[in-house]
Amino acid sequence: MRDPQNDPLDAHVPERSCILTRRTAPREELIRLALGPDGQVAPDVRARAPGRGAWVGVGRKALDEANAKGKLKGALTRAFKTGEIDVPADLGERIEAALRSQALDRLGLEARGGTLITGAERVEAAARQGKVALLIHAADAGEDGRKKLDQALRVGARASGGDAQGLVFPEGRTILSVALGRENVVHIALTDAAAARRVTLAIDRWQAFIDPDAGLERAPISGIGAARPGTASIFVDEGNA
């Protein structure tokens, strides 16, 4: 029997409300905005900035439209309880860039922590042995290479009765290589379940902001899956605690 006091899935999940839609959701599904000393509003995707914050839970298109019409400033004025705020016209672009940076930083942290491997041969071997929790392909990875590793992933997942497919990352090998500090990174395998969830959470937040309806090109991974809403907070991501 599960003990609620010791089971992280039963732990309290902090929730916040979107200032534009009033939708309440786990804070990992929303994006925090902070008010700087100069009165300028800035993205605080790691939720680290001191002081009062405001949370938004809409995609970039909706946020840009609200910003252009002045609705976002009105909501922020109420949230920050001051009219002396400056909302940059390119706030949506800044948020997207911050989320992109967080996703790449997360991969870099996992690389330094030893929870991921690269190289097609190493990734394929680990996948066939059922040791891969999450498989990632660069956006410019060849179709043949993707299919070969996806097949290896399915072979490894078959023992547990699941199916699996790699995730296509929104950036190419050059960007991934820089993020991981390695050469020619085309395929990445996360070999730790918690690490896979941390990476999935970071990428999902980024992609959900770009296009809330698109989703990621991925099938659920046996035993892993995408970070479930309401449970993502149990996987520590710097600044999101």
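Me: Which residue in S5 is the bridge partner of Arg-32?
Reply: In this predicted model, Arg-32 has Trp-55 as its bridge partner in S5.

Me: How do you know that strand S3 and S5 pair?
Reply: Pairing takes at least two bridges between the strands. Strand S3 (residues 31–35) and S5 have 4 bridges, in the antiparallel sense, so they count as paired.

Me: What is the strand order in the open sheet of 3 strands, and what makes strands S4 and S5 stand at the edges?
Reply: The order is S4-S3-S5, with antiparallel pairing. Strand S4 (41–43) and strand S5 (53–56) each have a single partner strand, so one side of each lacks a neighbour in the sheet. From one strand to the next, the twist averages 35°.

Me: Why is Asn-67 called buried?
Reply: Buried means under 20% relative accessible area. Asn-67 has 14%, so it is called buried. You will find Asn-67 in helix H1 (residues 60–69).

Me: Which residues is Asn-67 in contact with, leaving aside its neighbours within four places in sequence?
Reply: They are Leu-72, Val-87, Pro-88, Ala-89 and Leu-91. To count as a contact, heavy atoms have to lie within 4.5 Å.

Me: Which residues of helix H2 are buried, and what puts them on the same side?
Reply: In H2 (residues 71–80), the buried ones are Leu-72, Ala-75, Leu-76, Ala-79 and Phe-80. Around the axis they cover an arc of only 120°, which is why they are on the same side of H2. As a handy reminder, an α-helix has 3.6 residues a turn, so residues three or four places apart point the same way.

Me: What do the buried residues of H2 pack against, and which exposed residues does the face turned away from them carry?
Reply: The buried residues pack against S3, S4, S5, H1 and helix H3 (91–113). Lys-71 and Arg-78 are the exposed residues on the face turned away from the buried side. Just after H2 comes Lys-81, with a positive phi of about 60°.

Me: How confident is the predictor, and where does pLDDT stay under 50?
Reply: The protein averages a pLDDT of 84, and 81% of the residues score at least 70. Over residues 1–10, pLDDT stays under 50, and the model has 8 contacts beyond four places in sequence for them. Residues 215–241 also stay under 50, with 77 such contacts in the model. Where pLDDT is low, the predicted coordinates should not be read in detail.

Notes. Residues numbered from 1 in each chain as written. Predicted model: local features only at pLDDT ≥ 70, side-chain atom pairs only at ≥ 80, totals over all residues. Heavy atoms only, no water. Helix = DSSP H or I, 4+ residues; strand = E, 2+ residues; numbered from the N terminus. Buried < 20%, exposed > 50% of the residue type's maximum accessible area, 1.4 Å probe, protein only. Axes fitted to C-alpha atoms, helices over the stretch in contact; angles between N-to-C directions. pLDDT = per-residue confidence, 0-100. Arc of directions from axis to C-beta.
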